[in-house]
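I opened my notebook to look up a few spots in this structure. Here is what I found, entry by entry.

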Amino acid sequence: MARYHAPGRVNLIGEHTDYAGGLVLPAAIDRGLTLDCVPADRIRLRSSAAPGEVDLGPDGAGAVEGFGRYVGALAAELADLGRAPCGIDGRIAADLPAGAGLASSAALLVAVGLALCDAAGMELAPLALAAACRRAEERAVAVPCGIMDPAVALLGRAGQALLLDCGSLAHRHVPLPDGLGLIVVDSGVRRRLAETGYATRRRELERALAGDRDETAARRLRHLRSENARVEQAAAALAEGDARALGPILAAGHASLRDDFEVSTPELDLLVGLALDAGAGAARMTGGGFGGAIVALAPAGRCAVIAASVAAGYRAATGRATAPIVTRAADGARRLA
Ligand code: GLA
């Protein structure tokens with residue numbers, strides 16, 4: 001029996017930049033999923049998070065619904081790269097909520113990808129596997145996402161963020177200050193626009209990069225340029241151990257996503273304000289937007305109190321319950337046994 005673990009992620013800064021070849025600064029977190037499996041003739045998987053069984057050919061043939069779509073798309077991508085047709089039979093257990101902005105689909109793809117490569121004796125460099133996972137996500141659910149989520153799920157390190165140039169794929173790890181805690185608060189609201197809005201923003205940005213200069217294009221481009229600069233500023237501040245500098249950088253990032261890129265929501269704006277009022281040193285929406293979650297940074301010892309205060313304030317203002325996750329930067333995906 002082999003066992004694989006793949007983490008979720010939280011992005012500290014660098015949003016809607018990955019698919020435009022820009023900079024990102026995410027961290028893997030101490031929540032994720034574990035896959036136990038044995039070699040088999042087909043791909044058979046069960047999950048603690050979903051009913052039923054995925055049962056696919058070793059090249060992914062047969063995937064129709066649920067998490068099987070991701071598994072099938074990845075198996076097809078790996079077959080295109082020459083993976084031998086070997087299967088796995090296994091079970092997935094997750095302590096990473098799906099749909100909460102923590103990149104659970106990338107964690108699934110990465111864990112299954114490591115297992116499928118091992119089963120076939122296929123060696124794939126981490127960023128080549130990340131690229132295959134990115135293509136699989138697009139193939140499975142038609143969301144033209146970037147490489148950030150699978151890349152950090154594979155390359156994350158405990159106590160460190162990953163500074164990744166999504167154009168050149170150059171990367172290095174940036175230590176986070178000792179005792180810095182991460183709080184993720186899910187708004188519990190996901191706009192119907194989440195998938196189509198993401199694709200629309202990507203198209204708008206590409207139009208702007210191709211030279212269009214109408215008002216919308218100009219704002220989308222301004223976000224990309226200012227966000228890339230903020231990633232560099234944040235990495236420099238962290239290199240100097242100056243966590244306080246992250247407050248204004250993340251605030252400017254949130255404002256840019258809200259005003260120039262137009263992917264925030266009233267709930268995310270509210271949560272950011274609540275986190276700062278409760279004493280977080282920095283906070284902003286994280287992930288693709290149109291709903292989803294915020295990330296807030298605070299001394300680890302104060303995170304639980306801040307998280308409880310944000311949840312109480314959110315419930316008072318909206319009537320919605322939320323269960324914040326207090327986490328920290330953790331290691332990337334690996335074979336455990
Ligand atoms: C989603 C995508 C990522 C990235 C972010 C926005 O999480 O999966 O590739 O584009 O949105 O930064």
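Predicted model: local features only at pLDDT ≥ 70, side-chain atom pairs only at ≥ 80, totals over all residues.

Entry 1: I started with Arg-202 and listed its contacts, leaving aside neighbours within four places in sequence: they are Tyr-19, Pro-144 and Cys-145. I then looked up where the arginine sits, and found Arg-202 in helix α5, which covers residues 193-209. Is Arg-202 buried or exposed? Its relative accessible area is 17%, so I wrote it down as buried, the cut-off being under 20%.

**Entry 2: two helices packing.** Next I turned to helix α3 (residues 126-141) and helix α4 (residues 148-155). Their axes are 8 Å apart and the angle between them is about 145°. I noted the crossing of α3 past α4 as right-handed. Which residues meet here? From α3 I listed Pro-126, Leu-127, Leu-129, Ala-130, Cys-133 and Arg-134, and across from them in α4 Pro-150, Ala-151, Leu-154 and Leu-155. Sorted by type, the residues of this contact are nine nonpolar, one charged and no polar.

**Entry 3: the cores.** I looked for the largest nonpolar core and found 78 residues in it. Leu-25, Leu-35, Leu-45 and Leu-297 have the most contacts inside this core. Helix α2 (residues 104-119) gives the most to it, with 10 residues. Apart from this core lies another, of 34 residues, including Phe-261 and Met-285. I then went back to Leu-25 for a closer look. Not counting residues up to four places away in sequence, Leu-25 touches, among others, Leu-12, Ile-13, Leu-163, Val-174, Val-231 and Leu-238.

Entry 4: I kept a general point in mind: most residues other than glycine have a negative phi. Leu-169 has a positive phi of about 65°, although it is not a glycine. I placed Leu-169 in the loop between β7 (160-165) and β8 (171-175). Phe-290, also not a glycine, has a positive phi of about 55°. Phe-290 is in the loop between β10 (282-286) and β11 (291-299).

How accessible are they? Leu-169 has a relative accessible area of 27%, so I put it down as partly exposed. Phe-290 is at 6% relative accessibility and therefore counts as buried.

Note on methods
Residues numbered from 1 in each chain as written. Heavy atoms only, no water. Helix = DSSP H or I, 4+ residues; strand = E, 2+ residues; numbered from the N terminus. Buried < 20%, exposed > 50% of the residue type's maximum accessible area, 1.4 Å probe, protein only. Contact = heavy atoms within 4.5 Å. Axes fitted to C-alpha atoms, helices over the stretch in contact; angles between N-to-C directions. Left-handed = near helix turned anticlockwise from the far one by under 90°. Nonpolar A, V, L, I, M, F, W, Y, C, P; charged D, E, K, R; others polar. Core = buried A, V, L, I, M, F, W, Y, C linked by side-chain atoms within 4.5 Å.
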